[in-house]
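The points below are grouped by topic.

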Amino acid sequence: MDFQVSEKMQIILGMIDEFVEKELIPLEKDFLADNMDKLLPELAKKQDMVRQMELWAPLHPKEFGGMELTLVESALMFEALGRCPLGLYTFGCQAPDAGNIEILHKYATDGQREKYLHPLVEGKIRSCFSMTEVEMPGSNPVMLETTAEKDGDDYVINGHKWYTSSADGSAFAIVMAVTNPGAQPHKQASMIIVPTDTPGFNLVRNIPVMGHAGSGYFSHAEILYQNCRVPQDNLLGPEGHGFVIAQERLGPGRIHHCMRWIGICNRAFDLMCARARDRIAAPGKKLASRQIIQAWIAESAAEIQAARLMVLHAAWRIDNEGSKAARKDISLIKFVVANTLQRVLDRALQVYGGLGMTDDTIIAFFFRHERAARIYDGADEVHKVSVARQIMKGYENKVVR
Ligand SMILES: Cc1cc2nc3c(=O)[nH]c(=O)nc-3n(C[C@H](O)[C@H](O)[C@H](O)COP(=O)(O)OP(=O)(O)OC[C@H]3O[C@@H](n4cnc5c(N)ncnc54)[C@H](O)[C@@H]3O)c2cc1C
């Protein structure tokens with residue numbers, strides 16, 4: 001097993017580190033002050049700089065200007081970009097667009113590629129993914145109430161979704177809806193492309209999350225689909241294949257989420273150590289001299305390193321043995337890294353004391369927003385059940401002495 005990347009990739013990772021440090025972290029003050037209107041033109045300039053560096057949309061095939069990275073390489077890139085909340089967005093590899101691009105590459109018709117995929121990869125439009133419903137359990141996605149009924153050449157969609165992240169300002173949504181109610185549970189739903197200006201696509205509100213409704217890319221919407229009519233040509237992939245496609249979307253996506261979280265851990269760790277070094281605790285004594293702070297530093301270093309190696313290991317397995325072979329590893333990293341992230345952020349915030357609760361550092365933002373890491377992309381508990389089941393299968397006939 002070898003996580004070593006090429007010299008070229010090491011240079012690129014160095015360039016990204018420098019770009020995040022010099023160009024993006026200085027913008028966080030405006031970002032935290034909710035000055036998104038002011039920030040968008042500035043971010044567009046930064047995106048142009050990324051294009052000039054030939055690092056735009058790195059996850060995609062070369063024909064789209066991407067870099068066709070291995071999963072280990074892209075994981076390291078996400079770690080570097082994760083240090084700043086603006087990182088992925090500025091490099092054109094942010095969720096949910098990155099996942100949508102992936103499935104559009106695989107399943108879109110020529111017409112869909114022209115209309116949706118190309119402008120999305122170029123960063124001219126944004127998109128969202130609309131699966132979770134208000135009234136039904138997201139953890140059991142076969143229980144969908146949203147329907148798409150055929151009427152003439154169209155589908156007519158009705159349903160109540162929420163947590164459709166980044167819907168505000170998106171050009172289109174990929175919607176999961178039941179098209180085949182009589183089929184087996186996993187074959188009932190399909191993915192359908194719905195332009196957000198279609199009558200009946202009603203964005204009810206950006207949901208306040210931890211006290212903040214956000215806007216534009218940084219928001220999560222509640223959406224009512226009310227007799228929302230789109231041509232049947234907007235079906236993405238075969239009818240009834242919604243879950244199969246959704247599974248494909250989640251595999252590499254989990255590696256990317258987890259490595260972005262490791263990037264956040266690294267940032268919080270650096271901030272915690274710097275504060276412990278500089279903050280006076282008593283005359284002539286800094287916080288770093290206190291054993292409990294030293295324990296937090298040591299525990300965080302150990303936990304981050306362990307979590308990071310687990311993610312790289314899972315990425316390596318997918319690269320070399322495929323997603324199926326790495327199924328257990330993918331579930332393991334999901335809950336291990338999400339919890340590592342929360343412990344590290346909590347310690348960093350505590351070391352900053354009252355300052356940690358303010359938006360004068362980035363820690364409180366990460367603390368608020370990343371609590372969700374244990375819920376989205378499969379709640380921790382769902383992954384734990386899945387891991388335990390897989391492990392116990394191996395014990396069915398195993399003799400243990
Ligand atoms: C910040 C954020 C962004 C999101 N973005 C999107 C998006 O862009 N598009 C989208 O479609 N969805 C999105 N989601 C929704 C997300 O996928 C769901 O919240 C998630 O799948 C959980 O579903 P639920 O909220 O309905 O919780 P439920 O399914 O009601 O589960 C509630 C809790 O019950 C427990 N639980 C559930 N099942 C089990 C089980 N089998 N065993 C043990 N315990 C269990 C878990 O603790 C779980 O947290 C987002 C969510 C958040 C928080």
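Ile207 counts as partly exposed, because its C-beta neighbours inside 10 Å number 17, and a residue must have 20 or more to be buried. The model discussed here is predicted. Ile207 sits in the loop that runs between strand 6 (201-206) and strand 7 (214-215).

**Surroundings of Ile207**

- Once its neighbours within four places in sequence are left aside, Ile207 is in contact with Trp162, Ala213, His220, Ala221 and Glu222.
- Tyr163 is 44 residues away from Ile207 along the chain, yet 7.6 Å separate the C-alpha atoms of the two residues.

**Ligand shell**

- Around the ligand there are 19 residues, of which Met131, Pro137, Gly138, Ser139 and Ser165 come nearest.
- The shell is made up of 11 nonpolar, 7 polar and 1 charged residues.
- At least two residues of this shell come from each of strand 1 (127-130), strand 3 (154-165) and helix 13 (380-393).
- The ligand lies between domain 2 (127-239) and domain 3 (244-393), because both domains give residues to the shell around it.

**Domains and their contact**

- The protein chain is divided into three parts: domain 1 (7-94), domain 2 (127-239) and domain 3 (244-393).
- The centres of domain 2 and domain 3, taken over C-alpha atoms, are separated by 30 Å.
- Domain 2 contributes 6 residues to the contact, and domain 3 contributes 6 residues.
- On the side of domain 2 that touches domain 3, there are 3 nonpolar and 3 polar residues, with no charged residues.

**Overall fold**

- The protein chain contains 13 helices and 11 strands.
- The radius of gyration of the protein chain is 22 Å, which agrees with the value near 21 Å that a compact globule of 401 residues would have.
- The C-alpha trace spans about 80 × 65 × 45 Å along its principal axes.
- Of the 401 residues in the protein chain, 40% are buried.
- When contacts between residues at least 6 apart in sequence are considered, 70% join residues at least 24 apart.

- Ala268 is in contact with Val344, Leu345, Ala348, Ile363 and Phe366, leaving aside its neighbours within four places in sequence.
- Helix 4 (residues 71-81) is mostly covered, with 11 of its 11 residues buried.
- The buried residues of helix 4 include Ala75 as well as Glu73 and Glu79.
- The elements that cover the buried residues of helix 4 include helix 1 (7-24), helix 5 (87-91), helix 8 (242-278) and helix 9 (291-321).

**Backbone geometry**

- Most residues other than glycine have a negative phi, and most peptide bonds are trans.
- The peptide bond from Ala95 to Pro96 is cis, with omega near 0°, and Pro96 is found in the loop between helix 5 and helix 6 (97-107).
- Ser166 is a residue other than glycine with a positive phi, near 65°.
- Ser166 has its place in the loop between strand 3 and strand 4 (172-178), and Ser166 counts as buried because 24 C-beta neighbours lie inside 10 Å.
- Asp377, also a residue other than glycine, has a positive phi near 60°.
- Asp377 belongs to the loop between helix 12 (363-369) and helix 13, and Asp377 is partly exposed because 18 other C-beta atoms lie within 10 Å.

- Is Arg389 buried or exposed? Arg389 is exposed, because 11 other C-beta atoms lie within 10 Å, and the limit for an exposed residue is 12 or fewer.
- Arg389 is found in helix 13, an element that supplies at least two residues of the shell around the ligand.
- Between Arg389 and Lys328 the C-alpha to C-alpha distance is 9.7 Å, while the two residues are 61 residues apart in sequence.

Key: Residues are numbered from 1 along each chain as its sequence is written. This is a predicted model: local features need pLDDT of at least 70, side-chain atom pairs count only at pLDDT 80 or more; totals for chains, interfaces and linings use all residues. A residue is near a molecule or strand if its C-beta atom, placed from the backbone, lies within 6 Å of it. Helices (H or I, at least four residues) and strands (E, at least two) are DSSP runs, numbered from the N terminus. Ala, Val, Leu, Ile, Met, Phe, Trp, Tyr, Cys and Pro count as nonpolar, Asp, Glu, Lys and Arg as charged, and the others, Gly among them, as polar. Domain bounds come from an automatic or database domain assignment. Two residues are in contact if their C-beta atoms, placed from the backbone, lie within 7 Å. The radius of gyration is taken over C-alpha atoms; the globule rule is 2.2 Å times the number of residues to the power 0.38.
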